[in-house]
Amino acid sequence: MSLVEEFVKAIADLREKDALELVKKLIEQGVDLSTILDGIRKASDIIGRRFEEGRYFISDLIMAGEILREITEILRPIIVKEKPKKIGTVVIGTVQGDIHDIGKNIVVAVLEANGFEVIDLGVDVPPEKFVEAIRKHNPQVVGLSCLITEGIESMKKTIDAIKAAGLKEKVKIIIGGGRVDEGACKYVGADAWARDVQTGLRIIKEWVGVK
Ligand code: B12
């Protein structure tokens with residue numbers, strides 16, 4: 001089994017100590033961030049499946065959340081190496097009804113590391129908060145995160161509120177997280193969607209005119 005596979009298994013089996021040691025080893029060995037993030041995604045999917053099958057309970061999801069949060073903290077220094085020149089502003093948040101934030105926090109760190117000023121509105125963010133933040137911070141891009149099915153409806157309500165406030169022409173909107181796809185993107189009226197941070201970063205950079 002490769003070190004990455006061991007890492008995926010340790011997270012999926014909720015072996016906290018092993019998972020944290022393995023992520024440190026992966027960093028030491030120079031394994032790139034996208035490979036590590038891909039491993040985290042695979043492990044999350046296994047955990048999610050075990051939860052759906054009734055093999056894991058809510059307490060296990062909480063444990064998984066804690067392990068993933070600690071891993072993100074260990075990864076932070078390799079994401080944020082130095083302060084780059086500012087290339088744009090992004091308002092981001094997890095939509096109303098959804099409290100998942102580990103993936104969003106990774107997106108925030110990666111955007112900041114690439115020169116974006118990020119206004120992070122947190123979790124369970126109502127549509128009017130997004131509208132208020134767009135008026136206040138004048139971003140080029142708005143990012144909506146959602147991991148649960150109900151979140152799709154919240155994304156639609158958020159984008160409808162942005163349109164109703166007459167602000168849609170001023171911003172590009174990207175949706176992200178495990179539940180999004182092309183269909184969801186069309187349904188909610190977003191400009192783009194991404195299920196991983198690298199794709200999201202590429203799209204957002206294109207929007208602000210940076211390669
Ligand atoms: C950990 C976890 C939790 C933790 C979250 C802790 C936290 N602070 O976030 C806790 C215990 C709180 C939790 C609660 C619940 N959870 Co939960 N949870 C998970 C789990 C196992 C991992 C999520 C995670 O952090 N993954 C790791 C990160 C790094 O990945 P990510 O979030 O996908 O982010 C990446 C990309 O998606 C992308 N991205 C994310 N956001 C954005 C935004 C933009 C703009 C862009 C560009 C990209 C982007 O970039 C990130 C990095 O690459 C998932 C399983 C899964 N497959 O996702 C279930 C899962 C999301 N949870 C689920 C459920 C059902 C729940 C609960 C309803 C359980 C319950 N009965 O109470 C509650 C929901 C509460 C609520 N109202 O939100 C379901 C959702 C199913 C569905 N279809 O709706 C899942 C899929 C598990 C499953 N298969 O059943 N959960």
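View A. The shell around the ligand takes at least three residues from domain 1 (3-79) and at least three from domain 2 (88-207). The bounds of these domains come from an automatic or database domain assignment. This is a predicted model: local features need pLDDT of at least 70, side-chain atom pairs count only at pLDDT 80 or more, and totals for chains, interfaces and linings use all residues. Residues are numbered from 1 along each chain, as its sequence is written. In all, 41 residues surround the ligand, and the closest are Gly48, Gly65, Gly103, Gly176 and Gly200. Two or more residues of this shell come from each of H3, H4, helix H5 (102-113), E3, E4 and helix H9 (197-207). Helices (H or I, at least four residues) and strands (E, at least two) are DSSP runs, numbered from the N terminus. H3 gives the most to the shell, with nine residues. By type, the shell holds 19 nonpolar, 13 polar and nine charged residues. Here Ala, Val, Leu, Ile, Met, Phe, Trp, Tyr, Cys and Pro are nonpolar, Asp, Glu, Lys and Arg are charged, and the others, Gly among them, are polar.

**View B. Domain 1 meets domain 2.** The chain splits into domain 1 (3-79) and domain 2 (88-207). Their C-alpha centres are 24 Å apart. Nine residues of domain 1 are in contact with nine residues of domain 2. Contact means that the C-beta atoms of two residues, placed from the backbone, lie within 7 Å. On the side of domain 1 that touches domain 2, helix H3 (33-52) and helix H4 (58-79) each supply at least two residues. The largest share of that side, six residues, is from H4. Its residues are three nonpolar, three polar and three charged.

View C. Look at helix H1 (residues 3-12). Its buried residues are Phe7, Val8, Ala10, Ile11 and Ala12. A residue is buried if 20 or more other C-beta atoms lie within 10 Å of its own, exposed if 12 or fewer, and partly exposed in between, with C-beta atoms placed from the backbone. The buried residues of H1 pack against helix H2 (16-28), H3 and H4. Leu14 follows H1, and its phi is positive, near 60°.

**View D. Val31 sits in a loop.** Val31 lies between H2 and H3. Is Val31 buried, exposed or partly exposed? Val31 is partly exposed, because 17 other C-beta atoms lie within 10 Å. Leaving aside neighbours within four places in sequence, Val31 is in contact with Val4, Leu26 and Ile36. Leu3 and Val31 are 28 residues apart in sequence, yet their C-alpha atoms are 9.8 Å apart in space.

**View E. Five parallel strands make an open sheet.** The strand order is E2-E1-E3-E4-E5, and the pairing is parallel. Strand E2 (116-120) and strand E5 (192-194) are the edge strands, each pairing on one side only. Neighbouring strands are turned by 25° against each other on average, direction ignored. Strands pair if DSSP finds at least two bridges between them. Strands of a sheet pair through backbone hydrogen bonds, either parallel or antiparallel. E1 and E2 run parallel and are joined by five bridges. Thr89 stands opposite Glu117 in E2. Five of the seven residues of E1 are buried, so E1 is largely enclosed by the rest of the structure.

**View F. Strand E3 lies beside strand E4.** E3 (residues 141-145) and E4 (residues 172-176) run parallel, joined by five bridges. Ser145 has Gly176 of E4 as its bridge partner. Helix H6 (residues 127-137) packs on the sheet and touches strand E1 (88-94), E2 and E3. The direction of H6 makes about 165° with that of E1. Axes are lines fitted to C-alpha atoms, for helices over the stretch in contact, and angles run from 0 to 180 degrees between N-to-C directions. E4 is mostly covered, with four of its five residues buried.

**View G. Lys163 belongs to helix H7.** Helix H7 (residues 150-164) contains Lys163. Lys163 is partly exposed, because 14 other C-beta atoms lie within 10 Å. Val118 is 45 residues away from Lys163 along the chain, and their C-alpha atoms are separated by 21 Å.

Methods:
A residue is near a molecule or strand if its C-beta atom, placed from the backbone, lies within 6 Å of it.
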